[in-house]
Amino acid sequence: MPTARPRPDSRARILAGALERFTAYGYRRTALEDIAQAAGLSRASVYVHFRNKEDVFRALARQLHTEGLAAAESAAAADGPLAVRLRALFTAKLTPVATLARTSPHAAELLDENDRVAGDVAAEFRKRLVRVLARLVAAAIAAGEVDPARVGLSARGAAELIVDGVKGIEIASAAAAATPAQLTRRVGQLVDLVVAGLALPAPIPHGRRA
């Protein structure tokens, strides 16, 4: 007897249900049965797509990271000074995190589980995000806007420093249940600080040299 094919929208429904239940109850208190119920499917239907709860979480993490990277790349394509483009990039990328921190009491736990269960997914996303930022910094160097070499950094090194700094703010904000406005402000302050530190010195006006 032929095996029934899964409905094409079943996977999306499972991931949506997983996001709902993980947000409401956290990773540890959510069972596969809870996810199936939220998706309006049987547990057997979930097993057609995923082996276990960890597999569902990894797929959800990959989906959210992919969406975040797409938003970041779109923001990075806009015109403007480096600080403005970085602010826009991280605002787009961190909006889902800010929403999670505001709406779920389990935000810090979910970020911890993301590193534990889907650490390789997060690491790959970090590499791709660093590449996006490195291109932005390289363009700012070419335009004479910044010079990371002044502090011993390459364009990639500066990008890694910014990404890791923002990650620290992201973790702290989730633990403190910060609002989106608070998260955005903190990230903006970090961006301004780093860009100011990488900026070329302002030229001395004519006639004012010692």
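This is a predicted model: local features need pLDDT of at least 70, side-chain atom pairs count only at pLDDT 80 or more; totals for chains, interfaces and linings use all residues.
Residues are numbered from 1 along each chain as its sequence is written, and side-chain values use heavy atoms, with hydrogens and water left out.

I then checked the partner of R51: its side chain meets that of D55 in a salt bridge at 3.6 Å, N to O, a salt bridge being a side-chain nitrogen of Lys or Arg within 4 Å of a carboxyl oxygen of Asp or Glu. D55 is buried, with a relative accessible area of 17%.

I searched the whole structure and noted 11 salt bridges. One of them joins R28 and E113 at 3.0 Å, N to O; R28 sits in the loop between α1 (10-25) and α2, whereas E113 belongs to helix α6 (residues 107-117), 85 residues apart. I took helices as DSSP runs (H or I, at least four residues), numbered from the N terminus. R28 counts as exposed because its relative accessibility is 60%, and E113 counts as buried because its value is 6%. I also recorded that R28, E109, E113 and R116 are linked in a network of salt bridges.

Lastly, I looked at E170 and K93, whose side chains meet at 3.1 Å, N to O, in a salt bridge, and I noted that both residues are buried.

How values were computed:
Helices (H or I, at least four residues) and strands (E, at least two) are DSSP runs, numbered from the N terminus. Buried means under 20% relative accessible area, exposed over 50%, partly exposed in between (1.4 Å probe, protein chains only).
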